[in-house]
Amino acid sequence: LILGMFVGCSTENTPTQSTPTDVGPKDGSTWVVAVGMENSQFAGACPGAQVDCERMTKLFRGYTTNVQSFISSEATHDRVKSAMVRAAQNADLFIFYWE
């Protein structure tokens, strides 16, 4: 199992019109859990996190169908933990994206 992790905070709130291109066949052994938190009691405000998470989700779906995305209130501890456990049990490559 290989774990990749992306963490960031963007100040851009407006989506662009560009769409990621499909770079090849979808790989069933890659799993992604993406979380976009506009405001967190632990990390504070992160304007643009929802837009960025939606963009990254589109990008990751160009590589694999095993992508779960949680935005703000959807990103409960239980939901994210469950998705991460499932991904870790099934993935050769597990990417966790948090913003």
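1. Let's start with Thr57. Leaving aside residues up to four places away in sequence, Thr57 touches Ala34, Val67 and Ser69, where contact means heavy atoms within 4.5 Å. Thr57 sits in helix α1; helices here are DSSP runs (H or I, at least four residues), strands are runs of E with at least two, and both are numbered from the N terminus. Thr57 counts as buried because its relative accessibility is 5%. The cut-offs are under 20% relative accessible area for buried, over 50% for exposed and in between for partly exposed, with a 1.4 Å probe and protein chains only. A polar atom of the Thr57 side chain also lies 2.8 Å from the backbone oxygen of Cys53.

2. Before going on, a word on what you're looking at. This is a predicted model, so local features need pLDDT of at least 70 and side-chain atom pairs count only at pLDDT 80 or more, while totals for chains, interfaces and linings use all residues. Residues are numbered from 1 along each chain as its sequence is written, and side-chain values use heavy atoms, with hydrogens and water left out.

3. Now the overall layout. The protein chain has 2 helices and 6 strands, and along the sequence they follow the pattern β-β-β-β-α-β-α-β. Of the 99 residues in the chain, 36% are buried. If you take contacts between residues at least 6 apart in sequence, 78% of them join residues at least 24 apart.

4. 7 of its 7 residues are buried, so β2 is largely enclosed by the rest of the structure. In a regular strand the side chains alternate between the two faces of the sheet. In β2, Trp31, Val33 and Val35 point one way, and Thr30, Val32, Ala34 and Gly36 point the other way.

5. Which strands does β2 pair with? One is β6 (residues 93-98), parallel to β2 and joined to it by 6 bridges; another is β5 (residues 66-71), also paired in the parallel sense over 6 bridges. Two strands count as paired if DSSP finds at least two bridges between them.

6. On to the cores. A nonpolar core is a set of buried Ala, Val, Leu, Ile, Met, Phe, Trp, Tyr and Cys residues joined through side-chain atoms within 4.5 Å. The largest one has 12 residues, including Trp31, Val33, Val35, Phe70 and Phe96. The elements giving two or more residues to this core are β2, α2 (77-90) and β6. Apart from it lies another core, of 8 residues, among them Val32, Ala34, Phe60 and Ile95.

7. Phe96 is in strand β6 and counts as buried because its relative accessibility is 9%. Phe96 and Trp31 are 65 residues apart in sequence, yet their C-alpha atoms are 8.6 Å apart in space.

8. Finally, which residues form a salt bridge? Asp52 and Arg55 do, with their closest N and O atoms 3.5 Å apart. The rule asks for a side-chain nitrogen of Lys or Arg within 4 Å of a carboxyl oxygen of Asp or Glu, and the count comes to 1 salt bridge. Both partners lie in helix α1 (residues 49-61), 3 residues apart, about one turn of the helix. Asp52 is buried because its relative accessibility is 8%, whereas Arg55, at 26%, counts as partly exposed.

Terms used. Polar contact = N/O pair within 3.5 Å; in protein donor to acceptor, adjacent residues only side chain to side chain.
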